[in-house]
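Have your viewer ready and follow along.

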Amino acid sequence: MRRFLQVTWLVVRKDLRVESRNKEMLLTTLFFAVSCVLVFSFGFVRGGEAIEGSASGVLWITIAFSGTLALGRAFERERHHDALRGLLMAPVDRPAIYVGKLVGVLLLLAVVEALVVVMVAFLFQAPLFRHGWWLLTLLSLGTIGFASVGTLFSAMLLRTRSRAVLLPVLLYPVTIPVLIMGVSGTFALVQPEPDLVLARVWVSLLFFFDIVFVTLALWTFEPVMTE
Amino acid sequence: MNRRLFPWLIGLSLVFFVVAPILIVRAPLEQEMGLIQKIFYFHFSAWMAMYLGICILGISSALFLFRRKPAADRLAVSAAEAAIVFGLMGLITGPIWAVKSWGVWWNWDARTTIALILELILVAYLILRTYGGPGSDRLAAGLGMFAMANLPFLYVSTNIWRTIHPPTSVVPTLPVDFGIPLWWSFAGFIVLCLALLTARVRLEEQRATLDRLYLALEDE
Amino acid sequence: MPPLQITDFTQVTLSGVSRHYGRRRALSRVNLVLSAGEIIGVLGPNGAGKSTLLGVLSTLAEPSNGDVRYGDLTASAGGAPLRAQVGFLSHELQLYPELTARENLEFFAGLYGLDRPAERAHEALARASLSERADDLVEGFSRGMRQRLALERTLLHAPRLVLFDEPFTGLDEASCGTLVTRLQQLRTAGRIVVLATHDLDVVSQLLDRAVLLRMGRLSELGSKGSLRERYRAALAEAPRGRRPVPSGPSGSGPGESPA
Amino acid sequence: MHLDDLTGVSREEARRWRRVALVLILIAGLGGPGQTVDAAQPAEQSVPDGFVPMDDVPAEEQLPAAPLLAAAYIVVWVLAIGYLWTIWRRLGSVEKELAEALRRVGETDGA
């Protein structure tokens, strides 16, 4: 177990170090998220006011879109100089590599989400901070669910030719439950009369989703990555 | 074995399908929805056949991924295709029912939505197999397992998200007059699903044989 | 540190190893014994299956038929401890250009669970004669410098079996010389070294044995005459595919098209 | 090399398969239309007593149920038979290729 965490930490630290050098992923993803929210504003704002209930949808769709972008980039880096082969050749528990990459993506998305939440609250006049802790729980569980599936998929798609197209094609249908849960949970929080009971239902559903899909991803990572 | 099984299965499903309309016609009319409710017998059964296909897909994908059984992979593709066909049946009969009962073709009814999402996942599965290049069977097997694991979550989340559909609990408590044609057509669809599966697996086996033959030719 | 059990082996045996993608063979019934203290050259034109062979040897790819034994172990039984004994330098160098030379080495030392990673990295940098550039980003390195660094990265954990895929392409003469010396050291140290290359001039003095891969089929090169002559002769008589195979839906993948 | 073992298919078996498929399509052709008649029959008798309107739309403006019901059942039949037909087509072409490959093997074995 200690070794597992050690390998995870090595991979995370490596990714953070690379990112701190060129900030490419962070800046491009942030910019993409900002333009996403803006584009949505033109679709969902009428006469200076946001259409009721659109904020939660915009928030989660932006997260899903920028998440896909980040996932693609995160593994493109491993593919670039065949570095992934170096990782897979190492005598380590391969799931530890998966967890390392997942944590890296989660950290990046956390930064992106902090900005997106503020933007959506500001541009869509949504009371997102009224139940800040609930929103934080929803966001973290939802992001873990989305990124755990996404990390596995973009890792396994590295071997295929049309990976840039295939990632969203595979990822969105499989993670639709996360989107439904996240959007509905957020909507329960921001509607005029917040429904905390319903929000709790969605949070617990997300929790189970995360447990099942992280376990499944850890379990399938090794056989999927060997040729 | 496969080859001998197919004529029996297809014959049996024909018996089911020829008798089913008679039973359905004889069944009493449902009070609130009237005649259109009779779609239910096929609609429900098509869903069940689709779920069966997805479960077979998930289990055989796991077998292929962890036990490396090529036969399991052939079963997985076949199950995915069959599930798509039955899903389409449900997806087309659903709106026909909806337009009569609720006046709109599509109302985001929970079960139709689930089927639509599952259909998307299954099509993604086939896309991955077609365009993934060499080794994509392994990747597709991973996706197949995720599809099956998604079933309960899709079910619960869509049901809470949107419910107009007659609740599922109605099914077991249907009076006998409704029940007999329902379970009859249910059985018919399951047998049909198995028949289509055996035929499709046969196709996949012949393809594998052809591949082996070409390899043998090349080896000479 | 992890108690990686030592899986020692002095021989790698391939018996009847085939690997196919759909209906196209990349390797066809390859039999080969690799022994310690030998440098074996795998020669052959592009797309002959050299990379596939190295992939199978590295345990990353599984053979479709036949088996590979490392001593008594198969790849699947060996698992991580076996991977700890294999070094693989593919044509792409498996380095992170955004990290410094030292960071690259320390990262892999950590992954391999080596003790004293900093010292190991230091020594490796000295061997690669990159001590002065240790803290520069690999991005700014020339091909030769990167190659030297990648070589030391591959040998960091002192693997028993070392695989090189086209290690000489793009190297200047000095780097070539270093690589040759390093390979000779590995031979004296009793390692098993496999070189896949189509560059005959550099390796002709180096190889203890050469085999030819052509369309996935392996044949030994005789010992008479110069390497180039033997290579020519072998190419001329190497088996050719007798029938063109129509490429089906699953027929994509590496493989030389029949002449 | 025993080629029959390799492929597991003889010409006779291929013919038997094709016959099965032909019978199926014939039955489907007969069964399909019969189906719509079956579905249409109860419509005439059921409309007067079984029809309970759901909303306030006048009865003559509502969609008739019988054609919709028949359409739904036909869709099911068409999809099932259509899919079976695509399998049959694909199987046919694969088996043709297989026979061709076997013939070539036979030629070289003879030579």
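This is a predicted model: local features need pLDDT of at least 70, side-chain atom pairs count only at pLDDT 80 or more; totals for chains, interfaces and linings use all residues.

- Six strands of chain C make up an open sheet in the order 6-7-8-3-9-10, and their pairing is mixed.
- Strand 6 (86-89) and strand 10 (217-220) of chain C are the edge strands, each pairing on one side only.
- On average, neighbouring strands of this sheet are turned by 20° against each other, direction ignored.
- Helix 1 (residues 50-57) of chain C packs on the sheet, where it touches strands including strand 3 (38-43) and strand 9 (209-214) of chain C. The direction of this helix makes about 155° with that of strand 7 of chain C.

**Strand pairs to look at**
- Strand 7 (residues 161-165) and strand 8 (residues 192-197) of chain C run parallel and are joined by five bridges. Asp165(C) has Ala196(C) as its bridge partner in strand 8 of chain C.
- Strand 9 and strand 10 of chain C are antiparallel, with four bridges between them. Here Leu212(C) stands opposite Ser219(C) of strand 10.
- These two strands form a hairpin with two residues between them, and Met215(C) in the turn has a positive phi of about 50°.

**Nonpolar cores**
- The largest nonpolar core has 246 residues, and Leu59(A), Phe153(A) and Leu57(C) are among those that touch the most other members.
- Helix 2 (residues 39-67) of chain B gives the most to this core, with 16 residues.
- Leu57(C) touches residues including Val12(C), Tyr70(C), Leu161(C) and Val194(C).
- Another core, of 11 residues, lies apart from the largest one, with Leu210(B) and Leu91(D) among its members.

Key. Residues are numbered from 1 along each chain as its sequence is written. Chains are lettered from A and ligands numbered from 1 in the order in which they are written. Side-chain values use heavy atoms; hydrogens and water are left out. Two strands pair if DSSP finds at least two bridges between them. Axes are lines fitted to C-alpha atoms, for helices over the stretch in contact, and angles run from 0 to 180 degrees between N-to-C directions. Contact means heavy atoms within 4.5 Å. A nonpolar core is a set of buried Ala, Val, Leu, Ile, Met, Phe, Trp, Tyr and Cys residues joined through side-chain atoms within 4.5 Å. Buried means under 20% relative accessible area, exposed over 50%, partly exposed in between (1.4 Å probe, protein chains only). Lists of a residue's contacts leave out its neighbours within four places in sequence.
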